[in-house]
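I opened this model to look up its side-chain contacts.

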Amino acid sequence: RYAHALQPTESYHGPAVTVAYALKVVPEYENEKVKEARRNIAHFVYDKDLPEHQDFPVLPAYRMVEDGAVYEGQWYKGQRYGRGENTWADGSVYYGYWRDNRPHGKGRYIDTEGNIYEGNWENGKCHGSGTFLELTGAFYQGEWCEGRQHGEGKQQWANGSKYEGSYVKNKMQGKGKMTWPDGRVYEGEYQNDKKHGQGVFKWAD
């Protein structure tokens, strides 16, 4: 975990007691699915530090008053800011970069079912390029906007079906190509997750 550093600045950068309080013992929130997901994925790499991050103190575990989450990492003027790991009481966890108390920049989130999102965040939401991976092996890789699949991306379901093309607000929309495990292929236009408009459908031999 994090080393305790830059103690003289804690009173300035650390949270107010009405926001969070320091813990002597860190509770075990993660469930088995979250633990399994962490075991099966590579160690998260912090490689997007900003110059100002080097001046922010790394403090030991604090419990947030509002939701009971436990945060270990950097602070700036009472806000989670810079590198940090946040574990919620339901067992879900985020580790990555923060700004103004929200995930912002590169980060990884594991939900209570062990599903993982890794990619860019903006103001607490998946935004930009990122990958969502389920424990079943299903995944989406591509563009996001305010927490939703939006832009160009590719998706694979647990049954082996694959889609690559455009998304609008979590829906397949625009031009795309769908491939089924039995060899069927459709390439053409979609609207609201359905084939709509011009396209070519090829049946398996």
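This is a predicted model: local features need pLDDT of at least 70, side-chain atom pairs count only at pLDDT 80 or more; totals for chains, interfaces and linings use all residues.

My notes on aromatic pairs, charges over rings and salt bridges follow.

Residues are numbered from 1 along each chain as its sequence is written, and side-chain values use heavy atoms, with hydrogens and water left out.

**Aromatic pairs.** I looked up the total and found 22 aromatic pairs. The rule pairs rings of Phe, Tyr and Trp (its six-membered ring) with centres within 6.5 Å; planes under 30 degrees apart are stacked, over 60 edge-to-face, the rest tilted. Phe56 and Tyr81 are edge-to-face, with 5.3 Å between centres and 75 degrees between planes. Phe56 sits in the loop between helix 2 (32-39) and strand 2 (58-64) and Tyr81 in strand 4 (residues 79-87), so this pair ties together parts 25 residues apart in sequence. Helices (H or I, at least four residues) and strands (E, at least two) are DSSP runs, numbered from the N terminus.

I then checked burial: under 20% relative accessible area is buried, over 50% exposed, in between partly exposed (1.4 Å probe, protein chains only). Phe56 and Tyr81 are both buried. Tyr163 and Tyr167 also pair edge-to-face, at 5.3 Å centre to centre and 90 degrees between planes. Tyr163 is buried at 1% relative accessibility, and Tyr167 is buried at 2%.

**Charges over rings.** The test wants NZ of Lys or CZ of Arg within 6 Å of the ring centre and within 35 degrees of the ring normal. Arg80 lies over the face of Tyr71, 5.8 Å from the ring centre. Lys195 lies over the face of Tyr186 at 5.7 Å.

**Salt bridges.** I counted a side-chain nitrogen of Lys or Arg within 4 Å of a carboxyl oxygen of Asp or Glu. That rule gives nine salt bridges. One of them joins Lys33 and Glu113 at 2.7 Å, N to O. Lys33 lies in helix 2 and Glu113 in the loop between strand 6 (102-110) and strand 7 (116-122), so the bridge ties together parts 80 residues apart in sequence. Lys33 is partly exposed at 38%; Glu113 is partly exposed at 41%.

Arg38 meets Glu85 at 3.3 Å, N to O. Arg38 is in helix 2 and Glu85 in strand 4, so parts 47 residues apart in sequence are tied together. Arg38 is partly exposed at 26%, whereas Glu85 is buried at 9%. Which residues are linked in a network with Glu30? I found Arg38 and Glu85 linked with Glu30 by salt bridges.
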